[in-house]
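Let's take a friendly walk through a protein model, one piece at a time. Keep the structure open beside you as you read.

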Amino acid sequence: MIRKTIRKAQRHLHVARFLARGVFNTRIPLLAHIIPMRRCNLSCAYCNEYDDFSKPVPFDVMSRRIDRLAELGVLSIIISGGEPLMHPDIEKIIAHIRGHGMICGMITNGYLLTPEKIQALNRARLEFMQISIDNVTPDEVSKKSLKVLDAKLVNLCKHAYFGVNINSVIGGGIANPEDALVIARRAVQFGFTTSLGVIHDGNGTLRPLNAAEQRIHQAMKKIGKKSYARIHKFQDNLALGLPNNWRCRAGARYLYICEDGLVHYCSQQRGYPAIPLEQYTLADVEREYSTKKACAPYCTVACVHQIAAFDNWRKPQHLDPVPSVEPTPISQDLRNPANA
Ligand code: SF4
Ligand code: SF4
């Protein structure tokens, strides 16, 4: 218990340092998202971020990427996939990130969370974990279900020294929207933070929530402790099917590094600008900081919204004249772990 409290205090200090350093210097990338494992042990019907065959990226390759991100001044790293816990050296990857003094978080489906694995993640000094739970009972769309994962939440409650956030989802044809409330209430019982993702339907179209979903969306705001994952109001607009007026700083303040080591805007705009990380420089960061993204008004990639809050009040962006860096509008279902 004492160790858990100490870790919590250290985490808060680390986040405070992150906020202080990040807010003043626009050339510092605040958050990088890395993919050590594209393969997943599940196959959610909506997901465009996994395969069932790829091998883990070797640790020495991942460590070089982390070193390069540290050189670029990146302050925090989120590990996702695929399923990152399938990577045989996941603890070494976490420890390497922490060795650079960066904040380290992970997004996982939670299936592989045994007490031993949680203790190993503690030793590696993981600081945050997010698990997205889609429904109460498994169905053909998703098996990220409370019924299956509840025992894992018990394990986390007992053993984890890191912060845990449980994300539930609404919209996009989720069969039982009231499941989001059940999941959030259960998370609160464990002392975890909660968040809610508003998602597109199966065609990638953002549609307003219906009346029942709206009620649940409003009710969710009153449940539990607020987390870093719900510090913004942008979901209110998405829930109503309205655009958001914001400045996406992907490619600058936020970097997405795919399993092949290329830098992309985000999970949903892979291919832009797709520059190898070892060639990515502060000049790229500066260019992308000012590049307006055409997909921004209806974007649901929550972590990039959160990072953008550091700079939304700063100088406006412009559409870059080079077509290769102007992303296309979102055309895929955005329900995925990166959006959580
Ligand atoms: S949403 Fe997550 S758990 Fe589901 S297939 Fe995609 S990566 Fe795997
Ligand atoms: S999808 Fe969202 S996060 Fe990605 S580039 Fe577009 S606006 Fe930015």
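T281 sits in the loop between strand β9 (273-276) and helix α9. Is T281 buried or exposed? T281 counts as exposed, because 12 C-beta neighbours lie inside 10 Å, and a residue with 12 or fewer falls in that class. T281 and A252 are 29 residues apart along the chain, and their C-alpha atoms are separated by 10.0 Å. Keep in mind that this is a predicted model.

Which residues of α6 are buried? They are D179, A180, I183, A184 and A187. Looking down the axis of α6, you would find these buried residues within an arc of 130 degrees, so they line one face of the helix. After α6 comes G191, with a positive phi near 85 degrees.

| Helix pair | Angle between axes | Axis distance |
|---|---|---|
| α3 (residues 90-99) and α4 (residues 115-124) | about 25 degrees | 8 Å |
| α6 and α7 (residues 211-220) | roughly 15 degrees | within 9 Å |

The angle between α6 and α7 makes them roughly parallel, since angles under 35 degrees count that way. Helices α3 and α4 are therefore roughly parallel to each other too. What is the handedness of each crossing? α3 passes α4 in a right-handed crossing, whereas the crossing of α6 and α7 is left-handed.

Finally, turn to the ligands. Around ligand 1 there are 14 residues, and the closest are C40, L42, C44, C47 and N109. By class, this shell holds six nonpolar, five polar and three charged residues. Ligand 2 is surrounded by 14 residues, with C248, C266, C295, C299 and V304 the closest. What classes make up the shell around ligand 2? That shell has eleven nonpolar, two polar and one charged residues.

Notes: Residues numbered from 1 in each chain as written. Chains lettered and ligands numbered in written order. Predicted model: local features only at pLDDT ≥ 70, side-chain atom pairs only at ≥ 80, totals over all residues. Near = placed C-beta within 6 Å. Nonpolar A, V, L, I, M, F, W, Y, C, P; charged D, E, K, R; others polar. Axes fitted to C-alpha atoms, helices over the stretch in contact; angles between N-to-C directions. Helix = DSSP H or I, 4+ residues; strand = E, 2+ residues; numbered from the N terminus. Parallel < 35°, antiparallel > 145°, perpendicular 65-115°, else oblique. Left-handed = near helix turned anticlockwise from the far one by under 90°. Buried ≥ 20, exposed ≤ 12 C-beta atoms within 10 Å, placed from the backbone. Arc of directions from axis to C-beta.
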